[in-house]
Amino acid sequence: MAWTSVLAIYLLFWVMAAFLLLPFGVRTHDEMGVQKVPGQADSAPANFRPKRLVVRATVLAAALTALYVANYVNGWVTLDSLSFIPTPEVNENP
């Protein structure tokens, strides 16, 4: 597998991990007891930490990419192992 393919897969995993981890650990102003700015949405986060999100997404994407590349090299899970529909038997004698 080319390094550019690994990089593209890593970036896809990174974006998915960032969106997956986005809601975890975030609290609203009401939950934290902090004063809201006039006109602010009730659901706006009070403790959003993008650096922590980037670090967590980077670690998760690196682990998922390593697992994907290891599967690609070793062939642990293939398309044939994911096929749950049995193939029809062909009668060779008409």
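This is a predicted model: local features need pLDDT of at least 70, side-chain atom pairs count only at pLDDT 80 or more; totals for chains, interfaces and linings use all residues.
**Helix H1**

I began with helix H1, which covers residues 3-21, and counted 19 residues in it. Helices here are DSSP runs of H or I with at least four residues, strands are E runs of at least two, and both are numbered from the N terminus. From first C-alpha to last, H1 reaches 26 Å, close to the 27 Å expected at 1.5 Å a residue. That expected span is 1.5 Å times one less than the number of residues.

Residues are numbered from 1 along each chain as its sequence is written, and side-chain values use heavy atoms, with hydrogens and water left out.

**What H1 buries**

Next I asked myself which residues of H1 are buried. They are Ile9, Phe13, Ala17, Ala18 and Leu21. Buried means under 20% relative accessible area, exposed over 50%, and partly exposed in between, with a 1.4 Å probe and protein chains only. Where do these buried residues pack? I found them against helix H3 (50-74), with contact taken as heavy atoms within 4.5 Å.

**Aromatic pair**

I searched the whole structure for aromatic pairs and got one. Phenylalanine 13 and tyrosine 68 sit edge-to-face, 6.3 Å centre to centre with 65 degrees between the planes. The pair links distant parts of the chain, since phenylalanine 13 is in helix H1 and tyrosine 68 is in helix H3, 55 residues apart. For the rule, rings of Phe, Tyr and Trp (its six-membered ring) pair if their centres lie within 6.5 Å; planes under 30 degrees apart are stacked, over 60 edge-to-face, and the rest tilted. I also checked burial: phenylalanine 13 counts as buried because its relative accessibility is 18%, while tyrosine 68, at 37%, counts as partly exposed.

**Salt bridges**

I then looked for a side-chain nitrogen of Lys or Arg within 4 Å of a carboxyl oxygen of Asp or Glu, which is the salt-bridge rule. The count came to two. Aspartate 30 and lysine 36 meet at 3.7 Å, N to O. Lysine 36 also bridges to aspartate 42, with the closest N and O atoms 2.7 Å apart. Shared partners join Asp30, Lys36 and Asp42 into one network. Aspartate 30 counts as exposed at 53% relative accessibility, and aspartate 42 is exposed with a relative accessible area of 53%. Lysine 36, at 27%, counts as partly exposed.
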